[in-house]
Amino acid sequence: MSYYFTIIGTRDNPLFEHEFGTSKAGGDGVSRFREEARHMNQFIVHSSLDIVEEVQWGNNGLYLKNVDRFQNNYVHCFLTGGNVKFMLLMNPDPNSTTYSSYPSPSSARPTTASSRHSTSIASNPTSPVTEEAVRTFMTEVYEAWVKCIMSPFYIVNRPVTSPVFRSRVAAAARKCL
């Protein structure tokens, strides 16, 4: 499974982006997005912002769960108190999306039919186990986010360039997803 995580500021501007793959269940932690999908991920996440704004008023929690689906992509959202949005795009099989139908320079890995019916995070993006893992990931990133924005050198709605923050997001991804 491949993931695209981004933090969207209060002006709908991207503050942070990070791609990674599954680290649990024998994954190597490398995202498998194809080149054309890397550009589409930004559009998919930003198109989900309208749905997030509708859902946030009907939900009392910070974690909004799975808010949108586009083809084989699932978008999860976590809101902060300052209306900054943590968006996680999950793609179980980057080679099965319509916009990835172009030939790839690398060979695609075949998927087995039995792996689709499993309840593990890597094969079922809508299971309760996956929702709990994503919530845990978002909560850990939120803790790192609070520490990051408490820095007197951070300017609100500016991109986060801290290597410490990036490493904490990567560590949370390895631990939870």
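This is a predicted model: local features need pLDDT of at least 70, side-chain atom pairs count only at pLDDT 80 or more; totals for chains, interfaces and linings use all residues.
Which residue does R135 meet in a salt bridge?

Residues are numbered from 1 along each chain as its sequence is written, and side-chain values use heavy atoms, with hydrogens and water left out.

R135 pairs with E132, at 2.3 Å from N to O. A salt bridge here is a side-chain nitrogen of Lys or Arg within 4 Å of a carboxyl oxygen of Asp or Glu. Both residues sit in helix 3, three residues apart, about one turn of the helix. R135 is partly exposed at 32% relative accessibility. E132 is partly exposed too, at 40%. For these words, buried means under 20% relative accessible area, exposed means over 50%, and partly exposed is in between, with a 1.4 Å probe and protein chains only.

By this rule there are two salt bridges. The other pair to look at is K175 and E140, with closest N and O atoms 2.9 Å apart. K175 lies in helix 4 and E140 in helix 3, so this pair ties together parts that are 35 residues apart in sequence. K175 is exposed at 53%. E140 is partly exposed at 23%.

Stay in helix 3, residues 128–149, for T139. Its C-alpha atom is 9.3 Å from that of A172, 33 residues away along the chain. T139 is partly exposed, at 26%.

Next, the whole chain. Four helices and five strands make it up. Helices are DSSP runs of H or I with at least four residues, strands are runs of E with at least two, and both are numbered from the N terminus. The order along the sequence is β-β-α-α-β-β-β-α-α. Of the 177 residues, 44% are buried. Take contacts between residues at least 6 apart in sequence: 60% of them join residues at least 24 apart. Contact means heavy atoms within 4.5 Å.

On to the inside. Which residues of helix 1 are buried? In that helix, residues 35–47, they are A37, N41, I44 and V45. These buried residues pack against helix 2 and strands 1, 2, 3, 4 and 5.

L64 belongs to strand 3. L64 is buried, at 6% relative accessible area. Leaving out residues up to four places away in sequence, L64 touches V52, V55, Q56, N59, C77 and L79. L64 and L79 are 15 residues apart in sequence, yet 7.5 Å apart C-alpha to C-alpha.

Two asparagines deserve a look. Most residues other than glycine have a negative phi, and most peptide bonds are trans. N83 has a positive phi, near 65°. It sits in the loop between strand 4 and strand 5. N157 also has a positive phi, near 65°. N157 is in the loop between helix 3 and helix 4. Buried or partly exposed? N83 is partly exposed at 30%, whereas N157 is buried at 10%.

Last stop: helix 2, residues 49–55, which holds E53. E53 is partly exposed, with a relative accessible area of 33%.
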